[in-house]
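I opened my notebook to look up a few side-chain pairs and sites. Here is what I am working from.

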Amino acid sequence: MSLQMVSTVSNSSLLQPGFSLLNFDGHVFLFGQKGWPKRSCPTGVFLLDIKQNELKMKPVFFSKDSCYLPPLRYPALCTLRSDARADEYQYIIHGGKTPNNDLSDKIYFISLVSKTSKKITFQCIEKDLGGDVPEARYGHTINVVHSRGKSMSVLFGGRSYTPLAQRTTETWNSVVDCLPSVFLIDFEFGCCTSYMLPELQDGLSFHVSIAREDTIYILGGHSLQNNTRPPSLYKLKIDLPLGSPAVTCTILPGGISVSSAIVTQISDNEFVLVGGYLSDNQKRLACNTILLEDTKIEIVESVGPEWTPDIKHCRMWFGCDMGKGSVLLGIPGANKQIIPDANYFYILRCKGAEEDKEEELITQTCSQTSSEDPGDSTPFEDSEEFYFSAEANSFDADGADTYNEDDEEDESETGYWITCCAGCNIDINTWVPFYSTELNKPAMILCSSGAGHWVHAQCMDLSETMLLHLSEANVKYFCNKHIDLNKGLQTPQKVMCLKKPPMKPLRKKKTMKLSTSAKKSFLRRLFE
């Protein structure tokens with residue numbers, strides 16, 4: 001194994017824990033950027049361009065018939081082929097978190113429409129499901145199995161927020177393990193069926209899953225309820241006859257106590273397991289080789305790379321499988337870099353250059369996010385989770401414009417999780433509802449100073465009565481910082497002048513014109 005550092009150019013802050021990698025035609029694409037998409041790349045999907053150990057991002061486009069795809073972190077992701085050896089495929093994306101920490105329960109299909117030297121276009125379609133639809137979650141896996149000429153997707157594990165009816169002020173943002181149900185999803189007919197198997201007692205999350213033909217192996221994972229990482233190894237076998245599917249589970253020996261490990265495939269039946277966590281605050285630096293045969297799985301320890309001191313001593317790490325035996329690893333830059341969100345990145349190559357062949361990956365591999373989530377009892381925070389998808393490789397591409405993060409607005413000034421003032425005490429990891437009207441986001445109000453900016457109502461010491469009044473009334477509000485400036489600019493309200501009715505012009509008296517004979521008759525009567 002070899003480890004090589006990668007230099008990033010101005011946009012490394014977009015690569016944060018929770019991102020996924022997609023591989024189309026040998027090109028790697030980033031999905032799940034930090035924050036909401038911005039004007040330079042409204043799709044939030046980027047081509048990763050790595051040349052001479054320098055990493056750049058180039059935005060891609062969506063077709064006009066595509067649906068909106070939010071930047072989901074920690075989703076379940078895998079490829080879908082018409083059969084096990086088909087050349088064309090698309091990616092399935094399920095669940096995950098939005099930048100506002102809302103959980104998604106939707107399923108998306110993303111496929112490559114066209115690729116030129118200057119423009120890459122994807123199509124994204126949302127799939128409607130019926131039956132036992134899986135609840136919104138993250139930290140789970142989804143795989144595709146093939147049996148008797150048919151295909152189905154299998155979804156397992158993950159975490160979700162505590163149901164609303166069970167929440168209290170203290171546990172408002174808490175997460176719980178999902179039930180250990182196995183979901184079979186038939187995308188041809190759009191229906192889901194759930195199975196409760198007696199062998200699966202815990203709702204594991206951040207586990208590794210490897211699919212081969214009609215079998216899925218589930219390795220490791222973390223049980224939030226018991227706060228343990230059991231050395232579990234399960235074998236799920238899916239039989240798809242003409243009638244109802246048959247799902248069986250077998251508990252196998254030789255499992256590994258690890259969560260959030262990365263799996264990369266180096267041959268048809270050989271994989272390498274890298275990274276992960278042994279406990280809440282201990283990384284797993286060992287590596288393992290996983291060998292799959294027709295009826296069994298073998299896991300043996302292998303020689304790992306020579307980890308750098310930065311990797312050895314860092315508190316957390318994250319990354320993704322780049323396919324063909326390569327892994328992208330990231331560690332926090334801490335105070336060593338000017339940009340506080342910037343990270344250091346490495347490429348780990350698990351096989352020699354002479355073995356790096358352009359073979360097709362038959363096995364569907366899907367591994368998972370690391371460590372724990374805000375609201376968990378563990379010391380790790382949201383920013384310390386990983387997401388690892390499968391199937392990607394190094395590449396070379398020219399043409400598209402490079403994404404320039406410097407052209408964008410400061411993300412810290414948008415969204416609910418901002419620092420609205422010097423004394424702002426809203427923390428994404430510790431926030432609990434302050435007002436009775438809040439659900440899973442802190443209440444905000446717009447200050448009308450200048451172009452306007454958002455502030456947290458709690459940081460502005462607003463009572464709930466005043467907050468409701470300002471929300472309902474059509475009045476301007478000024479935050480604590482700008483209220484004094486506003487007072488100096490206030491002017492008295494204009495007094496409406498009373499309208500006086502216009503004076504009517506005097507009427508001229510009408511004079512009668514008399515004929516000569518009439519005048520004579522009038523004079524005659526006057527003197528008689």
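Which residue forms a salt bridge with Asp280? I looked, keeping in mind that this is a predicted model. The partner is Arg229, and the closest N and O atoms are 3.1 Å apart. I then placed the two residues. Asp280 sits in the loop between strand E23 (277-279) and strand E24 (282-283), while Arg229 sits in the loop between strand E18 (215-219) and strand E19 (233-239), so the pair ties together parts that are 51 residues apart in sequence. Both Asp280 and Arg229 are buried.

**Entry: other salt bridges**

I checked the total next. The structure holds seven salt bridges. I looked up another of them, between the side chains of Asp177 and Arg159, at 3.7 Å from N to O. This pair also links distant parts of the chain: Asp177 is in strand E14 (residues 175-177) and Arg159 is in strand E13 (residues 150-161), 18 residues apart. Both Asp177 and Arg159 are buried.

Then I turned to Glu54 and Lys56. Their side chains meet in a salt bridge at 3.8 Å, N to O.

**Entry: cysteines**

How many disulfides does a search of the whole structure find? I got zero. I followed up on Cys192, which is in no disulfide. The nearest cysteine sulfur belongs to Cys191 and is 6.9 Å away. A disulfide needs sulfur atoms within 2.5 Å, so that cut-off rules out a pair set further apart. Cys192 is buried, with a relative accessible area of 4%. I also looked up Cys78, which counts as buried at 3%.

**Entry: the annotated binding site**

I went to the UniProt record, an unreviewed entry. Its "binding site" annotation covers Cys420, Cys424, Cys447, His453, His456, Cys459, Cys479 and His482. I picked two of the histidines from that record, His453 and His482.

His453 is in strand E32 (residues 453-456). It is partly exposed, at 24% relative accessible area. Not counting residues up to four places away in sequence, His453 touches Ile445, Leu446, Cys447, Cys479 and His482.

His482 lies in the loop between helix H2 (464-472) and helix H3 (483-489). At 15% relative accessibility, His482 counts as buried, because the cut-off for buried is under 20%. Leaving aside neighbours within four places in sequence, His482 is in contact with Cys447, Ser449 and His453.

What does the side chain of His482 make with the side chain of His453? I found a polar contact at 3.3 Å.

Technical notes
Residues numbered from 1 in each chain as written. Predicted model: local features only at pLDDT ≥ 70, side-chain atom pairs only at ≥ 80, totals over all residues. Heavy atoms only, no water. Salt bridge = Lys/Arg side-chain N within 4 Å of Asp/Glu carboxyl O. Helix = DSSP H or I, 4+ residues; strand = E, 2+ residues; numbered from the N terminus. Buried < 20%, exposed > 50% of the residue type's maximum accessible area, 1.4 Å probe, protein only. UniProt positions renumbered as here; feature names shortened; annotations may be inferred. Contact = heavy atoms within 4.5 Å. Polar contact = N/O pair within 3.5 Å; in protein donor to acceptor, adjacent residues only side chain to side chain.
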